[in-house]
Amino acid sequence: MSDEDIRIGVFICHCGTNIGGVLDISELTEYTKTLPNVVYSAANLYTCSEVGLSEIRENIKEYNLNRVIVASCSPRTHEPLFRSTCQEAGLNPYLFEMVNIRDQDSWVHMKEPEKGTEKAKDLIRMGVYKAALLESLEKMQVSVTPSAIVIGGGIAGMNATLNLANQNFKVSLIERDSELGGLIRHLNKVYPTNEDASNILETRNLVESHKKIDVYKSAVIEKIEGYVGNFKVIILQNKKTIEIEAGAIIVATGAKALSPEGYYNYNGKTIISQLELEGLLKENTINTKNITMIQCVGCRNEERKYCSNICCMTALKNAILIKERNPNTNVNIIFRDIQTQGVAYEGYYRRAREMGILFIKYLPEKPPIIKKDRIEVYNEFMNQVIGFPYDLVVLSMPLVANEDSEQLAKMLKVPLEENHFFLEAHVKLRPVDFATDGVYVCGSAHWPADISEAISQSNAAASRASTIISKKMLEVEGSTAEVSTDLCVGCEACIKICPYSAISKDEETDTVVVNKVVCKGCGVCGASCPQNAITIHHFTSDQIIAEIVTYGGGD
Amino acid sequence: MGENLKRVMVIGGGIAGIQASLDLAERGIKVELIEKNACIGGRMAQLDKTFPTNDCSICILAPKLAECFRHPNITLHTLSEVKNLSGQPGNFNVKIFKKARYVKADECINCGQCIEKCPMRVDDEFDMKLRKRRAIYIDYVQGVPSIMTIDKKNCLFFTKNACRICEKVCEREAIDFDQKDEEMELNVGSIIVAIGYDIFDPKSLESLGYGRYPNVVTALEFERLICASGPLGGHLTRPSDKNEPKKLAFLNCVGSRDIKNNPYCSSCCCMYTTKEAMIAYEHDNEIETSVFYIDLRAAGKGFREYIQRGENDYSITYIKGKVAKILEDNQRNPLIIYEDINTSQVKQLKFDLVILATTMIPKKDAGELAKILGIKIDDFNFFKANSYQPQKSSKEGIFLCGACREPMDIPNSVIDASGAAAKAAEIVMRG
Amino acid sequence: MQMVDFEFRNELIKEDFSLNYCYQCGTCSSSCPVAFVTKGEFNPRKIIEQSLLGLKDQKPNVWLCCTCQMCVEECPQKVFLTEIFEKIKNKIVLLGEPYPKTFKMQAKSIIENGLAIPLTQPIIRRRDQLGLPKVESANIKELKKLLDATDFEKKIKIHEVSK
Amino acid sequence: MSYSYFLGCVIPGRLPFLEASARRIFEKIGFKVGDQAKCSCCPDPTGAAQLDHETFLALGARNLCLFEESNNNILSLCSGCTESLKTVKHILDNDDEKKKEINLKLKVIGKTYKGDIDIKHFAEVLYENIEKIKEKVKKPLKDLKVAGHPGCHYLRPSEIINWDDPLNPKTLDELIEATGADPVEYNLKNDCCGNPVEKSDKDISLSILESKLKSMKEAGADCITCVCPACYQQFDFNQREINKIFNTDYNFPVFYITELIALALGIDTEKLGLNSHRIKVNDILQKIA
């Protein structure tokens, strides 16, 4: 396409006052009109609103635009929307370019609007120069294996499996242990109904008898290959290697309770963990007069800043059960903040108080001290140290991430957060998705979750997975890396650095090849290639250099 | 099951209803999305930012609104309400009452000419009545569908048989006073209820002075006051004298954890008050905030750290204690009487602006809808959910998500919504 | 350091069950006029916590409660603080611990006159001047019988000299 | 059933002029109230009740029995008495066991509590007759700024008193308005006057009063009105002492609401005994003359 044919339309967004309140939009609009190849330039209050989008569509037709630029917010959230708008108007979506004048300009230069406006001109100009060099790209279509793999056979994993199977998908459930059920197997009763944990475990039978479900117990994951729509998981079970294929993977590996060893003179007899108390309650062998539970042991501190979410309710449950069994038992809960959000849980807390359970708030800097004959704790509410006798101390330990999470995360190419729980794509709007397509997370693998939350999330993860495996074909990113076999010397630098394992060696030609389905177009390989043999489509050297030059950075 | 019944009705077009619809649509299931208002978006559209990422709320919501509008598997019914239900799981017949918009959806391009000329001024519900809108209006600028609606109750033509200015100024001839309310029947396999929540009116808590003291506002009002698209254009001033407030107080648990009002915990307030304090600080670094709380509830992912950040970097002081009484000095500054638990002393502090974290309560008409659908409600009028399958209502084939079953934040509503979609898919896709 | 006295605590809870519901939010102290002017020296929240902990040896000055019932109206958990304080006071009296003498003086007057404030001659004259009818007060003997039935004099140690 | 006065202790024994104004206005509006003899102390909810709950119930029940015997409802001139009697009634009517217990005590004096009479605070009756009062107003108290002090036992505990809003009372202000005067809004309107603490600590009692007076002054009140003799005493008797301790110059005349109404109805001030007030009311009388 020669220069004369290029017709760029630029849409500049006010984003309410997010941008419009800082930058001079009309000046930008006028300025943009002076740039080469720009045939249309206008402002919108919100370009992403239906009005804004229809303006894009209409003007593509009216002005015969073949490049569209939106100068607004972040492509992270809005590029897909604008691209598909272009596509609807018959324009290849890769002929769209986004310029971020909000996050990178109006937000950070709120106090210096004139300079901000000048910067926006630079940014838009760079976009215009890049846009002129954009090329149409085609999104690849890949077929989808209409089945799912669920990793982890606790309540979350079982429930996700069951849901997908009930939706008529084939599901493989992989469990490391010799039986399904996860942590719930060790529980006595479950809140807030205080029914037997075994009721919840009935899901096991449904899972194991379902004709659409294959359960792999005592199975270890060896390797995970493939990509959205076409995963291949290799497991080792009874010394046998089994290969399972699926279109999507759900991670439901759960978490484990932190070991109480080393906290508050834990001895496993008079000072035990909440999980051990569950066992005693199950066996009905509690017969003590004075029981004290200590909350937030080993968490909400420097080492583990987080609140483990489930411990308050667990302590309340066991305290209530003990009181129900013998109202004369003195049960104390030493706490920091009682976490009983919502309707049922807050009601449960009130019920616990009603039963005469004593609640004592403590400060992290003045934790309780367990002496021989009594516990002493500084009571913030009384501004004084108080003591009480004990026969049994129960430590509420937080849930912590499984040690092998990291290994699994690597195999799946998904990230962990600082506490080693799996990190979702977006905490607000994609809470069970990973940034990597086709992989989902639920239950305590994501964050300490109780039964109700884990089930809720597992349904959600199943739903998200179903949006992939219900499709016959999937479209994948068109902006990917391409290797010039002429230039490649087969040094493998790119293979080592690719975060998505998208590159492999073609032994025949001794050059590398990119798997376009797996490639996310991140560009790391291109930057690392000593031969300049890799082109990242949509971010070609020409395009980027054009931006730099027009900014004034080149010669 | 016939293809026609691979169809799910979603009632409520807030973030929960939207997410449920999108998941189902992507799953290949047809969705009938029923929204009572003129636009979808719900409460999330009213928020300025969202915790714990402090993302601009409408910015992350808008793409979803547009997606919902354009998705070939989703049929959007705005200004619509469910009137009757018959049939059984897998084959429900739902009667829908659809109010006339008096604007032709295909013609209106949201140019705003009509709004400019409309002579009526009506309390803007979207902006918490903090400003006026016209009798022809769009809920909010980014609203979807982005077309006008005539508010029959306030339109001069309908009330006094006069005016019709909008009709005259509309170049697209999109105004249609002859439109009639409609009734229709939809056949669906399953139903998801996602009607969201209302806000507790703190006027009844006399000692806090809301309604009497101009500088005591609710948290949702504060979201609008500080929002760039709100009535102040994002420049925060206080209602009494338009001065910039420097000292803010947030009161948590207003009307919640209170057995005389709402015994339950409203779930999100500890977090959103922190968020609002952070946004205020970002607007003006001189702002200092006190947050009064009973228990700081921050159990979600990254929430504890968020509170910590508020304390360290945003001049937020967390004060353990519930405030019983607000007074006012002669400059209309709210005076808060509280107990400083560290010293056991009762103190009085002067603030420029007090924000009440009012409880999320069930929608006014939740009880009525429950009756129509034949599903149970709990003691407070939230839809009753199964304890261990929280998206299941008391009736087979009908599912719940979001704050209509219990107060919850956006991530949980989104999870709930996807979860409800999975459960509905179980009904309509089972073999 | 004070030890929690579970027996004492349970005794108090038995007296007024609503005590259990307290979650120490401090609404009561925030609404209490006495707490406000005494800068928290009288602190209803602390008295409740003390009772919940059964801290028997600590003797808060419950007699400073002005019985205005603001705390009761404001308490989000419907703890009947004023009633609890009344019960604590009753307990103090019953145990023979000292209590403000004004209370005893009032009780004495009721026992002797049937009224907390006896009618004096000047007042009777003043009533006449204002055209008010004569006040015919209670039958003291009858009253005495009733007070004996409730063991009032003994309970409040009417004959012991208080500080 | 007709009403009879329950006078209590403070009014007949110390503040008979308050009773005079009440009797005059009830006569004027044609609301008949009889007299009930042989009542004892209610007993004082802030006094005897705090010593022994059982005695409190027994004495209260005895008073109620007297009214039951003469087939009269109670019209009380004092908030404390109202609260006591309503509380006793509430407890005995809702707790059969307690009722049995107390009736066992009452048996020694030949009485049985049944629970079939009603108890009303005088201001409650005035409020019910507010239209009548307005009709009969002859000398509206124009431009008089009145700080209404509803007081605690007039309102709370609301579950038992079951009357005005316990946290945002309106009835007293409406009665003030009925006289033609302006009720002023002030911060501490709903707070205690401090009187009951006087029994244990006079300083605290006066501090509470001082904050209250300060709040009234800031709101620009000319005078105070209340509906309880204990509050009346606190306001009328203690302002001078407050001024000494706090170095202030409060000088609010204090009226019972019945006195304000009496003035508005044009009742002869001679018949009201207004000269008995410690803070002189002459300025106010001139102002409204």
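In this predicted model, chain B is divided into three parts by the domain assignment: domain 1 (3-99 + 181-196 + 363-429), domain 2 (113-169) and domain 3 (201-359). Between the C-alpha centres of domain 1 of chain B and domain 2 of chain B the distance is 27 Å. To the contact of these two domains, domain 1 of chain B contributes 15 residues and domain 2 of chain B contributes 9 residues. On the side of domain 1 of chain B that touches domain 2 of chain B, helix α2 (residues 57-70) of chain B has the largest share, with 6 residues. That side of domain 1 of chain B consists of 11 nonpolar and 4 polar residues, with no charged residues.

Chain B also has two cis peptide bonds to report. One runs from Phe51(B) to Pro52(B), with omega near -5 degrees. Pro52(B) sits in the loop between β3 (49-50) and β4 (55-56) of chain B. Another joins Val144(B) and Pro145(B), where omega is about 0 degrees. Pro145(B) is placed in the loop between β10 (136-137) and β11 (149-150) of chain B.

**Chain D**

Chain D contains 14 helices and 8 strands. Its C-alpha trace spans about 55 × 45 × 30 Å along the principal axes. Is the radius of gyration of chain D what a compact globule would have, or what is it instead? For 289 residues, a compact globule would have a radius of gyration near 19 Å, and chain D agrees with this because its own value is 19 Å.

**Chain A**

For chain A the assignment gives four domains: domain 1 (3-137), domain 2 (147-256 + 400-473), domain 3 (259-397) and domain 4 (478-537). The C-alpha centres of domain 2 of chain A and domain 4 of chain A are separated by 32 Å.

| Chain | Pair of domains | Distance between C-alpha centres |
|---|---|---|
| Chain A | domain 2 and domain 4 | 32 Å |
| Chain B | domain 1 and domain 2 | 27 Å |

Two packed helices are described by the angle between their axes and the distance between the axes. In chain A, the axes of helix α10 (residues 311-325) and helix α11 (residues 342-354) come within 10 Å and cross at roughly 40 degrees. That angle makes α10(A) oblique to α11(A). The crossing of α10(A) and α11(A) is left-handed. Which residues meet between α10(A) and α11(A)? From α10(A) they are Met313(A), Leu316(A), Ala319(A) and Ile320(A), and from α11(A) they are Tyr345(A), Tyr348(A), Tyr349(A), Arg351(A) and Ala352(A). By class, this helix contact has 8 nonpolar residues, no polar residues and 1 charged residue.

Elsewhere in chain A, Asn284(A) has a phi near 60 degrees, a positive value in a residue other than glycine. Asn284(A) lies in the loop between α9 (274-283) and β17 (290-294) of chain A.

**Contacts between chains**

Among the 5 pairs of chains that touch, chains A and B have the most contacts. Chain A and chain D do not touch, and their nearest C-alpha atoms are 21 Å apart.

The contact of chain B with chain C takes 19 residues from chain B and 18 residues from chain C. On the chain B side, β20 (334-340) and β21 (345-350) each supply at least two residues. β20(B) gives the most to that side, with 3 residues. By class, the side of chain B that touches chain C has 8 nonpolar, 5 polar and 6 charged residues.

Notes
Residues are numbered from 1 along each chain as its sequence is written. Chains are lettered from A and ligands numbered from 1 in the order in which they are written. This is a predicted model: local features need pLDDT of at least 70, side-chain atom pairs count only at pLDDT 80 or more; totals for chains, interfaces and linings use all residues. Two residues are in contact if their C-beta atoms, placed from the backbone, lie within 7 Å. Helices (H or I, at least four residues) and strands (E, at least two) are DSSP runs, numbered from the N terminus. Ala, Val, Leu, Ile, Met, Phe, Trp, Tyr, Cys and Pro count as nonpolar, Asp, Glu, Lys and Arg as charged, and the others, Gly among them, as polar. Domain bounds come from an automatic or database domain assignment. Axes are lines fitted to C-alpha atoms, for helices over the stretch in contact, and angles run from 0 to 180 degrees between N-to-C directions. Angles under 35 degrees count as roughly parallel, over 145 as roughly antiparallel, 65 to 115 as roughly perpendicular and the rest as oblique. A crossing is left-handed if the near helix is turned anticlockwise from the far one by less than a right angle, and right-handed if clockwise. The radius of gyration is taken over C-alpha atoms; the globule rule is 2.2 Å times the number of residues to the power 0.38.
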